[in-house]
Amino acid sequence: MRRPRMHPMAETQFRYIGKHRRAVEHRRFVLGQGHFAADVRRHDTLHVAIIASPYASARIVKIESSAALAVPGVHAVLTGEELCAATLPLLVGVDAPQVERFPLATGVARYAGEWVVAVVAETRALAEDAAELVHIDYDPLPAVVDMERAIESDSPIVHPKFGSNTIFRRKFTWGAVADDFARARHTLSYRVRWARSATVPIETFGVTCEWNESQQILEVWASIQMPKFPDQLAKALKLPGNAVRVHFDVDVGGSYGVKRGIKHAVLAGYLARKLGQPVRLIEDRLENMRGGDMQGPDRAFDVTMAFDEQGVIHSMKMRAIDDIGAYSGRAPLQLGKPVGAIVGPYRIASVEYEAISVLTNKTPQEAVRGFGQAPTNYAIETGLEKVARFLGLDPVELRRRNLIGKDEFPYLIPSGTTYDSGDYATVLDKVLGVVPMAQLERERDALRSQGLLAGIGVSTCLEPSGGNSSFEPLFNPKNETTTWMDSCLVRIDLSGAVTALMATSTSGQAHETLVSTVVGEVLQIHPDSIRVLHADSLSALPSNSPVGSRMAIMLGGAAAGAAKILKAKVLAIAAHNLGVPLSSVVYEDGAVFVAEEPQRRLGWEQLVEIAHRKYHQLPPGMEPGLQEKFVWQVPTGGKMPTEDGRVQMYPCHSFESHVVLASVDPQTGKVKLHRYSVGHDCGVMISPDVVHGMTYGGVAHGLGAALMEKFTYSDDGQLLSGTFMDYLLPSAEEVPNVTIVDHCTPSPLTEFGQKGSGEAGYLGSAAAISAAVNDALAPMGASIDALPMTPQAIWTVIEQRNSGKAGENHAT
């Protein structure tokens with residue numbers, strides 16, 4: 001990765017924010033002192049092995065476990081029937097209480113890989129050996145694995161009590177769609193397909209639970225990234241919230257949304273309480289891939305765009321159907337987040353959006369980086385490419401004609417969300433300035449002269465950030481959640497040292513660095529002197545975890561809020577002791593002085609000592625000590641959706657623009673990326689090195705979705721890509737050198753002008769790469785509108801075109 005070009009604001013406005021600084025977390029990782037789920041060791045720990053269903057749909061007739069229980073060292077064989085009787089179903093994101101789900105299948109197994117039995121023994125190896133002695137009789141049932149087939153009236157029903165495979169369906173109409181279509185000179189319809197993939201972190205999910213009988217508390221150590229994890233765990237186990245303590249100081253070895261782990265923790269927690277010993281469950285890779293609740297969106301889009309002769313898009317109709325698998329958690333809500341950026345960065349006046357969430361006999365889908373936004377961006381960007389090709393316009397010029405202008409912010413889109421700020425055209429110009437288009441075209445033509453197919457791809461798209469909860473009431477009116485707050489506690493001890501406490505786990509986003517930088521900025525104390533700790537769920541403050549590109553905004557805002565309260569208290573102490581009004585004192589580097597008489601001052605140590613020891617010198621009514629917390633509500637949040645589904649989905653909107661030069665070997669279909677530049681605007685970057693790392697990783701993630709990664713199923717519901725021999729991940733060979741260009745349009749809604757960046761790179765890379773491949777295929781009249789564009793898929797479409805069989809999109 002080339003060193004990014006920095007925006008001058010980050011260099012001049014702040015002391016510590018925006019400066020290059022080694023992440024606090026790096027020290028322990030470099031020293032080998034990270035503390036991951038597999039590092040948790042408790043005395044007399046028992047281990048769990050899982051027996052999974054070999055069928056996509058089958059009735060569980062009989063489970064015979066006596067032989068396994070007779071093995072020395074085996075402590076339990078747990079069935080779904082027992083667990084179901086002792087726990088409550090896991091939460092469903094939409095209003096579908098009949099779609100019950102427990103960690104172990106009860107009565108019927110609904111996907112190949114669903115957990116049916118848990119064997120508990122003194123070692124994992126022993127548990128696995130004993131599991132082979134458990135005999136399960138199944139009665140196979142009809143299965144449905146195609147989402148279009150699943151919504152047909154005669155399809156097998158995944159959950160007969162629910163009575164339908166369509167768990168959510170709603171059509172939204174925002175603006176004068178019919179009128180805008182009637183006035184449009186042209187319409188163009190197309191279908192695109194985003195295949196099921198995931199982040200596939202290097203660490204699978206792991207959890208250790210220990211029941212403390214004397215305190216009546218369940219202790220939990222897990223590699224989690226999940227909102228409301230302690231609350232949901234306690235509810236499922238029928239325990240009060242204060243009987244579950246989740247330790248958030250466990251390092252998470254990669255996630256980007258997939259470390260939910262609620263079924264794992266319910267299972268281990270129940271067993272720990274039942275057996276009176278610590279219980280550990282760590283997935284092996286097959287368990288993770290096949291039944292670990294970590295697969296992402298599996299979505300088809302039918303889109304029609306209405307536009308004029310100049311390429312200005314007036315309206316759009318989008319139908320999105322998403323295969324969520326056999327059970328529903330938060331998966332249907334991944335169709336909800338895109339409502340907040342349903343027109344992308346474009347000036348589209350009206351939208352019709354139909355969201356359909358479908359149950360099939362596949363592994364359940366869960367939250368994956370971007371929470372459904374990346375597929376939607378891909379669908380919109382594909383439309384821009386098709387409109388440009390239809391009109392014979394340059395795709396960059398078409399985007400310029402449709403991009404929202406920098407003087408139009410704040411900008412209200414048809415679905416009710418207001419974009420906070422942006423300068424989209426400038427970011428596009430900057431990224432095109434890295435390698436001018438004329439040079440890219442020369443390089444493309446040179447590749448073509450070598451017998452390769454070659455093309456240039458562009459994407460311009462949004463990263464909604466701030467992690468609001470609005471998709472919850474939008475998709476389930478019974479859920480009246482209107483806050484997704486976060487919080488931070490900051491204390492200054494008698495020595496003057498500063499400690500901050502946050503109530504969340506972290507999976508590589510460098511939250512300790514974030515908090516120390518923000519608190520240091522406010523208190524004008526070097527961040528390296530500030531210690532940041534993870535609380536546990538009983539001593540912690542409210543948090544909704546690092547999802548939705550929210551922590552720079554939410555945790556950063558909370559940390560700044562707590563630090564500002566402390567700073568105000570220090571100023572009040574100083575003014576009182578200096579005998580002047582509060583308006584007459586100035587805070588600088590931890591000291592406070594009288595503005596008109598700088599020699600009259602109190603230093604940091606003096607102020608801290610007064611606060612902790614000299615009550616007689618405190619202002620009347622002030623409590624002693626220096627410890628404050630701040631709870632930060634999502635900016636622009638707090639409102640329910642309107643009846644027609646208009647809602648302020650996310651508060652802040654980062655922007656990214658990708659430019660790609662790719663070649664395709666016509667003999668093999670292999671794609672190579674020769675140039676890759678991305679322009680990124682996430683407002684003020686608190687930790688630029690962290691942002692750039694996430695952006696680079698996001699580009700690689702999107703490359704995988706575009707060209708390689710896919711969970712493939714057979715017609716009878718068997719996962720065919722459950723190992724890394726079949727589920728291909730990008731390596732250093734495939735990921736190109738990426739040039740990142742920064743721009744800064746501060747958000748008016750946040751403390752420092754920061755926006756979110758955790759999903760950066762990923763949200764636009766697949767769209768740009770697919771555009772480059774289709775540009776390479778365009779001279780022969782071919783295109784691919786389904787991801788991933790594997791070598792086989794590309795070779796097939798080339799062969800079809802050579803034989804005159806390639807299809808066309810419908811346009812008028």
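Colleague: What is the make-up of residues 31–142, in helix and strand, and how far apart are the end C-alpha atoms?

Modeller: In this predicted model, residues 31–142 are 17% helix and 31% strand, with 53 Å between the end C-alpha atoms. The UniProt record, an unreviewed entry, lists this stretch as "domain: Aldehyde oxidase/xanthine dehydrogenase a/b hammerhead".

Colleague: Why are β4 and β12 said to stand at the edges of the sheet?

Modeller: The open sheet of seven strands runs in the order β4-β6-β2-β13-β10-β11-β12, with mixed pairing. Strands β4 (74–79) and β12 (244–247) each have a single partner strand, so one side of each lacks a neighbour in the sheet. From one strand to the next, the twist averages 20°.

Colleague: What makes β10 and β13 a pair?

Modeller: Two strands pair if there are at least two bridges between them. Strands β10 (residues 206–212) and β13 (residues 279–282) have four bridges, in the antiparallel sense. Val207 stands opposite Leu281 in β13. Helix α9 (residues 262–275) lies across several strands, including β10 and β13, and runs at about 30° to β10.

Colleague: Why is Arg28 with Asp251 called a salt bridge?

Modeller: The cut-off is 4 Å between a side-chain nitrogen of Lys or Arg and a carboxyl oxygen of Asp or Glu. The closest N and O atoms of Arg28 and Asp251 are 2.8 Å apart, and the two residues form a salt bridge. Arg28 lies in helix α2 (residues 26–30) and Asp251 in the loop between β12 and α9, so the pair ties together parts 223 residues apart in sequence.

Colleague: How do you know whether Asp251 is buried or exposed?

Modeller: Buried means under 20% relative accessible area. Asp251 has 4%, and is therefore buried.

Colleague: What holds for Lys263 and Asp293, whose closest N and O atoms are 3.4 Å apart?

Modeller: Lys263 and Asp293 form a salt bridge. Lys263 lies in helix α9 and Asp293 in the loop between α10 and β14 (299–307), so the pair ties together parts 30 residues apart in sequence. Lys263 counts as buried because its relative accessibility is 2%, and Asp293 counts as buried at 5%.

Colleague: What makes the link between the side chains of Arg169 and Glu354 a polar contact?

Modeller: The limit for a pair of N or O atoms is 3.5 Å. The polar contact joining the side chains of Arg169 and Glu354 is 2.8 Å.

Note on methods: Residues are numbered from 1 along each chain as its sequence is written. This is a predicted model: local features need pLDDT of at least 70, side-chain atom pairs count only at pLDDT 80 or more; totals for chains, interfaces and linings use all residues. Side-chain values use heavy atoms; hydrogens and water are left out. UniProt positions are given in the numbering used here, feature names are shortened, and annotations may be inferred rather than shown by experiment. Helices (H or I, at least four residues) and strands (E, at least two) are DSSP runs, numbered from the N terminus. Axes are lines fitted to C-alpha atoms, for helices over the stretch in contact, and angles run from 0 to 180 degrees between N-to-C directions. Contact means heavy atoms within 4.5 Å. A polar contact is a pair of N or O atoms within 3.5 Å; within protein, one must be able to donate a hydrogen and the other to accept it, and residues adjacent in sequence count only if both atoms are side-chain atoms. Buried means under 20% relative accessible area, exposed over 50%, partly exposed in between (1.4 Å probe, protein chains only).
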